[in-house]
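User: I should like to understand the terms used to describe this model. Please set each value against its definition.

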Amino acid sequence: MEKSILLCAAYLLISAFTASLSLAQINLPVDPTKTWRVLESEHFEIIYDTNDRELAENFANEAERAETLLQPLLYTPMPKKVPIVIADISDAANGSATGIPRSVIEVYPVLPSVADPTSEYADWDRELVTHEYTHILNFEPTFGFMSVLRFIFGSIIKPGGFLPRWYTEGLAVEMESRLTPVGRGRSFYYSAFLRSQIEQGTWGSETIDRINATGIPTWPRGQRPYTYGYFLMHYLSERKTEQPIKENIYGLLNHRYGGRFPWFINGPMEEYFDKDFSGLLEATYQDLELKGHKQITTLKNGGAKNGEPMQQTGYFNFGAQISPDKLKMAAIVSDFNDNPTIRIWTRKSPTDVFKIQQEIAQEQGPHTELPEPVISNKNIHQVSWKADSLHLIYDHSDTYKHYSVVNDLYELDIGNHTETQLTRGLRGREATVLPDQTLVFVVATSTNAKLMHSDANGNRLKTLYSPPFGERVSSPRPFRDGVIYSHRGRDGREWIEALSLETGRTRKLTGFHQSVGQIDAMPIPDPEVKNGFYYSSGKSGVMNIYRAIEGSENVAVTNVTTYAMSPEIDVTGDKLIFSRLTGDGVKLETVDLKNRPTPPTIPALQNYPEAIEGPAPKTNYRDDSSYLGIKYLWPQYIIPFVYFVPNGTLFDVSTSGSDPLSHHLYSVNFGYDSRYNEPREEAVYTNSSLPFFINTVFANDYTYLVGSNLAYRFTYARLDTKHFLARDNNNWLFGPEITYHMTDYGKNLYTEMGPGLALRYNNISPSKDYQISPESGEAFTLGYDWFLEKWGNTSYQNIRGTTDYYLSGGILPIHHVINLKTAAWVSPPQRNILMGSQQGGGEYFGSLVPTTFLVRGYPVGEFVGWTILNANFEYRLPIAHPFKGPGTSPFFVNKWHGALIVDATTLKGGYYDSDSGPLGTAPLLPTELGTYYVGAGLEARADVTLFYGVPLTIRFGVYDGLTQKAFGGFSYFLGFGLVQ
């Protein structure tokens, strides 16, 4: 019983923290400038923009079909209708599902690009909703003692939501593959991924702890839970159990985990399969290794041979394009610690071998600084040279109208690295330059991907071809009197197609007898044959490059063992350059440009029953009404929380909520403070249903002056609005405020109320891969308050502000970072520390909330003033990147790093004097600006993932406060917070 109580306490603690994380990570609402409606079906509420009615009906149909097909496998009737938000605000095809505080699915309906891991699909809407609804049905079951906890605490008790990522994502990929004609499990890519790992000798090396991680930089990076999780979850359906069971294994496990305490996941596996998950993963590896070796043997017996790797960096090298002067080659490269980049290979003569610029720089001398990539940005899809070989046309994504992230076209001058934006908010990608220097490109919409034409500057737009609902065109290139491209239908078949700019007519060039899931994609014209072209095709079960002439048969020019794509012809060298999936990622390779033996055909890797093809039958729509977000705000859970502070304990019960579009967010907290034997209340509400934010805060609480063991009650309220200052840029926010502050200190009651202004800026780049900290950027806040005499019994003004700056590179070793923070509260007219007082000092142990005026080496609240200036210096350095955890235990260590620290503060106010008495009874003595209190120390830090999905930084520090009379001296700290 004691163990169960402790486990429940741990569960509630982490639930509270994950709930706060969920609320904190919502940066923007789903576009409030759109007109939102709700289309109801039997089991779902489809929330859609009024312009997307056809799309809403399609998602309703597909969601109801998913409900029908998934219930026999997962046995999870939903107690309420599930909202599905069609958030057409991103050009990254994706979706998400959450069960807390309520079950909600959010989908980005734009079709995947040809290079996405999800590019092999039949009906994207169907696969997307099947995948995400699997998550909802996986989260929902709650039985036994867990159902009792759920009755008490609400929706926060969903054990299935705390399973490992490889379980939840692997199950969702399994369902999308089992119940649709394509899906990732049936794809050429997943089959090739297995073969690439076997050839590399790395198949089977990923342990059960590592396949849960999405932050391991090495290949396959964030795909681990999806690929390995899928292989493991599919294997469970094929393996015989130790005990005969009649139920479907997925539904059986779904219900077993719904009645078990989270994170102890091996029990059912050992009962049914006589192995834990580590053993089952090893068995999965063995089973698939046999299948993979059989495929590789078949391919090599058929003459398969991979190309010669080019000189390159990065784990994803794609879309090589040779310049018209034949001296440069551009490609899209994803490398560690950075966004995708465009990199240039060069050569002195068209007959030479291309060399990457970095290697050329090294040849010029050991002290030559390596050049940076010519451009770095997110979601680059395709590059195309202009005729002068000095300018590139390409695309990348950026913020548009504050609430969307979409692709646009840009022109890059490679000589001076200057970028010119050609379109704004057009959602253009995959552009190609025609012989007359005009542009043809793809425009992604919520219902299809179409071909557009413009002049050289992205103006004079014209739609060339808009395919039917749910269909995609990709990778256009010049061809004869128009363009050649690939066309993916809604049935999972993709073929090469050409369009004449003279007649506007399209003609099909390949794929006349294709099967479901077949791919002919990424075509380029043959530079030597007028009607010829090259393209990638999976007709043999393996993606290879083929050469064809319009109206005649095609021949293979590669015969690889994994996955070849994105061809480019180097005519002067008589070479084919292409991208191939390897055990280290996607790499550029070359082969001699000649015909190869026809690649042998290999069967599908996995066995699946026939999936139903065609669109879902039309469902009955119950209602179609305007969206009303406030109806979703009734509390769904409560969380008890106990927090130990000096001289007392805080007891809290909290809840939070939001509507599916995040137009309304709130958090409410009721508590009790044992130090005063009084209740405390806090509430926060944000309204984002307008083009700006309205925030309200209310608190009725007590502030404790640690040094003098005194407390006072305060009531605080604030109403403010936040407005974007820059077009298509969310870095700048500005807004007016009204603040009320009442301080009750025994016989003295002070009231303050008045207007204010606040300005915020943030362009800090988040850390990634091997970085232990943000390495660039700055942030600052600046505020002004004027408490008016007529609005309260106290009047004064103050200025407040913070800065945060990151510096790396130069003389600093790689991933070493200097972080500088400052904070200030300046109020010359104020002379009473009990009004608007600011406290400086150390931190509470275990605190999740950073202190504004932090001076480590001194007690919490040692310094109290009405004017206070503070500075923090940290030199951060990496120690190790283990990326390991103990098996299926819910603890995973990503990185170890450390910091050298110096803090300093000066203030006009007071400090507690240790020479006059112990802490708690020591008097508060005055201090003036210019007297500095300095602390220094060391910290060891570990970036960890707890409970399979909660990122935290654990910190252990030792400090020395250099001013002894201010209770300085040796101290230590153990705490945790968000990875930052």
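User: How far apart are the mean positions of the positive and negative charges of the protein?

Analyst: The mean positions of its 85 positive and 106 negative charges are 2 Å apart. Lys and Arg count as positive and Asp and Glu as negative, while His and the chain ends are not counted. Each charge is placed at NZ of Lys, CZ of Arg, CG of Asp or CD of Glu. This is a predicted model, in which local features need pLDDT of at least 70 and side-chain atom pairs count only at pLDDT 80 or more, whereas totals for chains, interfaces and linings use all residues. Residues are numbered from 1 along each chain as its sequence is written, and side-chain values use heavy atoms, with hydrogens and water left out.

User: What percentage of the residues are buried?

Analyst: Buried residues make up 58% of the 980. A residue is buried under 20% relative accessible area, exposed over 50% and partly exposed in between (1.4 Å probe, protein chains only).

User: Why is Q71 called buried?

Analyst: Its relative accessible area is 16%, and the limit for buried is under 20%; Q71 is therefore buried. Q71 lies in helix α2, residues 53–74. Leaving aside residues up to four places away in sequence, Q71 touches T76, P77, Y133 and L137, where contact means heavy atoms within 4.5 Å.

User: How do you know that the length of α2 agrees with its number of residues?

Analyst: The expected span of a helix is 1.5 Å times one less than its number of residues. For the 22 residues of α2 this should be 32 Å, and the end C-alpha atoms are 30 Å apart, which agrees. Helix α2 is also mostly covered, with 16 of its 22 residues buried. Y75 follows α2 and has a positive phi, near 50°.

User: Why is α6 called largely enclosed by the rest of the structure?

Analyst: Of its 13 residues, 11 are buried, so α6 is largely enclosed. Among these buried residues are F188, Y189, F193 and I198. The buried residues pack against α5 (165–178), α7 (224–238), α10 (277–301) and β29 (575–582). Helix α6 covers residues 188–200 and reaches 18 Å from its first C-alpha to its last, close to the expected 18 Å. G201 comes after α6, with a positive phi near 80°.

User: Is D491 buried, exposed or partly exposed, and why?

Analyst: At 33% relative accessibility, D491 lies between the 20% and 50% cut-offs, so D491 counts as partly exposed. D491 belongs to the loop between β21 (482–488) and β22 (494–500). Apart from residues up to four places away in sequence, D491 touches A122 and V516.

User: Why do M522 and Y948 count as buried?

Analyst: M522 has 6% relative accessibility and therefore counts as buried. Y948, at 7%, counts as buried too. M522 is placed in strand β24, residues 520–525, and Y948 in the loop between β48 (933–946) and β49 (950–961). Each is a residue other than glycine with a positive phi: near 50° for M522 and near 70° for Y948.

User: Which residues does a cis peptide bond join, with omega about 0° or about 10°?

Analyst: I100 and P101 are joined by a cis peptide bond with omega about 0°; P101 lies in the loop between β4 (94–98) and β5 (104–108). W219 and P220 are joined by a cis peptide bond with omega about 10°, and P220 is in the loop between α6 and α7.

Note on methods:
Helices (H or I, at least four residues) and strands (E, at least two) are DSSP runs, numbered from the N terminus.
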